[in-house]
Amino acid sequence: MFDPEFYTGAYEAADPTTGAKVLRCGKYRDVTDCAVDFNSGNTLTAERRTFYCVPIPGENPWAKEGFAASSRARVAPSTSYAPTRQKRSYEEDDDDDMDTQPQTQPHTGPQSPTEARGNGDCKRREKAAPCGPAAAPAHLDLNFPLPGEKGPSCLLKVYEERDGFTLNEAVEVFGILSVSPALGALADGDASSSLLDPAGAMETAEEQRVHSPPASLVPRLHMLHATPLPHGNPLLPAAGLEDGSACSSPSPGELSSARAELLSFLSGVLLGDALAAEYLILHLVSNVYTRRDVLPLGKFTLNLSGCPAAFPERLYRALRQLVPSSYYLAMTLQNMNQVRLVPTKDYGANRLRSGALQLARNTSLFLDESRLEQGQLDPTGVRNITALGTLISWQKVDYDFSFHTMEFSCNVNVIIASEGRSLLPSDCQVHLQPQVAPPLLEAPPLLEEEPPAAQLDKFRKYLGVARLLDYSISDDVAQAVEDDFVAMRKEAPQSVSPEDLHRMLVVARLLSVSRGHTSLSPADWLRAKQLELLRRSRTPPPPRLNEP
């Protein structure tokens, strides 16, 4: 979010044919198309906001393809801009270069904070070939949160409802595209460009480079209308489940059928472990639905322990076929000491340098703790581990402004794959119990099978709908749950704690919505208790602080 900028909202200009004074509107444009009479008393100065927008971080190929297929913007190309030569779209480049292996393919984009800064040679090449689509990531830091990301970024100019946007919010924007070549003067630091943007004369060269990148790489989009996206699933209505369309309200029978098929598929992915598949479904439909003081309600971070070697990467490849956006982070010593997870303020360029934890709503963050190795964390590694713990526990990220930190709430689904109990906090630990023969653990054939496209779409729609369902508990059921918990405490006061009740209520809520139910039933509560009993039988609880 850049500082507010002033622009010429109305100005007088001379008609080129008659010479008469004409009052023109300066809205929805970056430069004027004629000489401006700055001495006129009709000149009006107005204010607008500029937001730097990037593609949804970690958006998976199936979601990109779904949105591209449903977009009506490609039906009639704009006639206001005619490129000198045809270029492949950013989406086509992404589709060709996309690989299912997490973080193992070579990327053309920045791989680390040092590579992201670029170098002087690249800046000089920018002037020689500013329109090369393949060279964009090499000579300009597009400030994407995740390494290796591609896609079009833009500067969004907002005129009305400037305070209605929040950081990291996914929005769909309708506006007027501006790629005027005159904007290149700002990027080149031309002194005459101050006539185009009077405020630019007060900026340093670094600020101008960051705030006014070449329009051929970072176009300007003047907003006419914007709609926040409640989800990133192209198979669901953009407005969620409130628009009343037939496809937005599947019957409980359809949800139950989809759940049974998904449970069977995930059981195969998890080496035949049906209990782990149950909890993985609960994790995939979890969502922070509200906050009580500082406590986020609805989050369900899952720690899947007992993972064999190379299993987490195979599991991630399966999950990214189901969720719209995801990010795989191998917790190696090098990554923890080098990756910038927390955004930091760059006062020299007067912007926020993005971090990997700047993720959109309901992004699946996959932490591969099995890649841990011996070594020592440097101060950056310690801050990264602390940031992950804060994200998991409180669903917030503390942005670094050098002299202070600022809290920003988030809603990220975190799953941790580890060999033993994770060193990071979690809401639920499930120890994996493979049901396949040991020789098949290294390359289980079930993981290599991919369901048909229609079945995958069924799973994706089911997970999206279940996450958006409303949920409530009636007074009668709430009283029955309270009485049941009191009875459990009387039977085993040392083994049942208030934290266990909270976890069972979360499991019961997620189990209900995963079955298509909008309220808790006695049967769902009983099933949640059974699941928790089976889960706890696999892993003994950690020792309490007051025990010797």
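Predicted model: local features only at pLDDT ≥ 70, side-chain atom pairs only at ≥ 80, totals over all residues.
Which residues in α9 meet which residues in α16?

**Stop 1: the crossing of α9 and α16**

Select residues 274-284, which form helix α9, together with residues 498-514, which form helix α16. From α9, the residues in the contact are Tyr 279, Ile 281 and Leu 282; from α16, they are Val 507, Leu 510, Leu 511 and Ser 514. Six of the contact residues are nonpolar, one is polar and none is charged. The two helix axes come within 9 Å and cross at roughly 85°. Angles of 65 to 115 degrees count as roughly perpendicular, and α9 and α16 are therefore roughly perpendicular to each other.

**Stop 2**

The model holds 19 salt bridges. Select Arg 48 and Glu 5, whose side chains form one with an N to O distance of 2.5 Å. Arg 48 lies in strand β3 (residues 44-53) and Glu 5 in strand β1 (residues 5-14), so the pair links distant parts of the chain, 43 residues apart. Are these two partners buried or exposed? Buried means under 20% relative accessible area. Arg 48 counts as buried because its relative accessibility is 5%, and Glu 5 counts as buried because its value is 15%.

**Stop 3**

Next, select Lys 458 and Glu 261, which form a salt bridge whose closest N and O atoms are 2.8 Å apart. Lys 458 belongs to helix α14 (residues 453-468), whereas Glu 261 belongs to helix α8 (residues 252-269); this pair links distant parts of the chain, 197 residues apart. With a relative accessible area of 32%, Lys 458 is partly exposed. Glu 261, at 27% relative accessibility, also counts as partly exposed.

**Stop 4**

Move to Glu 407 and Lys 396, where the side chains meet in a salt bridge of 2.7 Å, N to O. Glu 407 is in strand β15 (residues 405-409) and Lys 396 is in strand β14 (residues 396-400), eleven residues apart. Glu 407 counts as exposed at 53% relative accessibility, whereas Lys 396 counts as buried at 18%.

**Stop 5: a salt-bridge network**

Finally, select Asp 500, Arg 503, Glu 532, Arg 535 and Arg 536 together. Salt bridges that share partners join Asp 500, Arg 503, Glu 532, Arg 535 and Arg 536 into one network.

Note on methods:
Residues numbered from 1 in each chain as written. Heavy atoms only, no water. Axes fitted to C-alpha atoms, helices over the stretch in contact; angles between N-to-C directions. Helix = DSSP H or I, 4+ residues; strand = E, 2+ residues; numbered from the N terminus. Parallel < 35°, antiparallel > 145°, perpendicular 65-115°, else oblique. Contact = heavy atoms within 4.5 Å. Nonpolar A, V, L, I, M, F, W, Y, C, P; charged D, E, K, R; others polar. Salt bridge = Lys/Arg side-chain N within 4 Å of Asp/Glu carboxyl O. Buried < 20%, exposed > 50% of the residue type's maximum accessible area, 1.4 Å probe, protein only.
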